[in-house]
Amino acid sequence: MKSKILDAVAISAAVLCLIHCIAFPLLMIIPLGISHNPFIDLTFLIIGAVVVYRITKNMTWNWLKFLFWISIALIAVSVVADLIFEIHIPLIYAGAAGLITGHILNFRNHKH
């Protein structure tokens with residue numbers, strides 16, 4: 001039951017992250033005076049990494065573990081590049097999509 005709840009929270013966070021990553025560049029086009037804060041991305045990364053760690057520590061499917069951790073790594077590369085070099089690398093989209101996919105697969109494979 002605990003992993004089911006973690007998957008539900010993680011799916012929600014990953015979808016919010018993906019919406020944030022897609023919508024924010026569109027909002028930058030409109031002159032509203034909004035500036036990008038990479039610490040929002042860092043917050044999503046930390047939440048995602050904690051949830052992925054807790055879910056994968058007892059997981060038996062190595063391919064699903066790999067999907068989770070490669071997705072976190074893609075997001076981390078993008079966030080670190082934004083924090084240090086102030087450039088946006090689109091790897092964050094692939095990472096968020098990978099997390100959403102992994103959590104949906106993990107959620108479906110549980111015995112409810």
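Colleague: Which residues of the largest nonpolar core touch the most other members?

Modeller: That would be I55, F68, I75 and L99, out of 16 residues in this core. With five residues, α3 gives the most. Bear in mind that we're looking at a predicted model.

Colleague: How do you know that the span of helix α4 agrees with its number of residues?

Modeller: Helix α4 covers residues 91-108, which is 18 residues. The expected span takes 1.5 Å times one less than that number, and this comes to 26 Å. The end C-alpha atoms are 26 Å apart, so the two values agree.

Colleague: Which residues of α4 are buried?

Modeller: The buried ones are I92, G95, A96, G98, L99, I100, G102, H103 and N106. To be called buried, a residue has to come in under 20% relative accessible area.

Colleague: Why are α3 and α4 called roughly antiparallel?

Modeller: Their packing angle is about 155 degrees. Anything over 145 counts as roughly antiparallel, so α3 is roughly antiparallel to α4. The axes of this pair are 8 Å apart, and α3 passes α4 in a left-handed crossing. Residues making the contact include W63, L67, F68 and I75 of α3, and L91, I92, G95 and L99 of α4.

Colleague: And what makes α2 and α4 roughly parallel?

Modeller: Here the angle is about 30 degrees. The cut-off for roughly parallel is under 35 degrees, and α2 and α4 therefore qualify. Their axes are 12 Å apart, and the crossing is left-handed. On the α2 side the contact is made by D41, V51, V52 and I55, and on the α4 side by I92, L99, H103 and N106.

Colleague: Why is V9 called partly exposed?

Modeller: V9, in helix α1, has a relative accessible area of 45%. Buried would need under 20% and exposed over 50%, so V9 is partly exposed. V9 and I47 are 38 residues apart in sequence, with 9.8 Å between their C-alpha atoms.

Colleague: How do you know that R54 is partly exposed?

Modeller: By the value again: R54 has a relative accessible area of 38%. That lies between the 20% and 50% limits, so R54 counts as partly exposed. R54 is in helix α2. In sequence, R54 and L6 are 48 residues apart, while C-alpha to C-alpha they are 8.3 Å apart in space.

Definitions and conventions:
Residues are numbered from 1 along each chain as its sequence is written. This is a predicted model: local features need pLDDT of at least 70, side-chain atom pairs count only at pLDDT 80 or more; totals for chains, interfaces and linings use all residues. Side-chain values use heavy atoms; hydrogens and water are left out. Helices (H or I, at least four residues) and strands (E, at least two) are DSSP runs, numbered from the N terminus. Buried means under 20% relative accessible area, exposed over 50%, partly exposed in between (1.4 Å probe, protein chains only). A nonpolar core is a set of buried Ala, Val, Leu, Ile, Met, Phe, Trp, Tyr and Cys residues joined through side-chain atoms within 4.5 Å. Axes are lines fitted to C-alpha atoms, for helices over the stretch in contact, and angles run from 0 to 180 degrees between N-to-C directions. Angles under 35 degrees count as roughly parallel, over 145 as roughly antiparallel, 65 to 115 as roughly perpendicular and the rest as oblique. A crossing is left-handed if the near helix is turned anticlockwise from the far one by less than a right angle, and right-handed if clockwise. Contact means heavy atoms within 4.5 Å.
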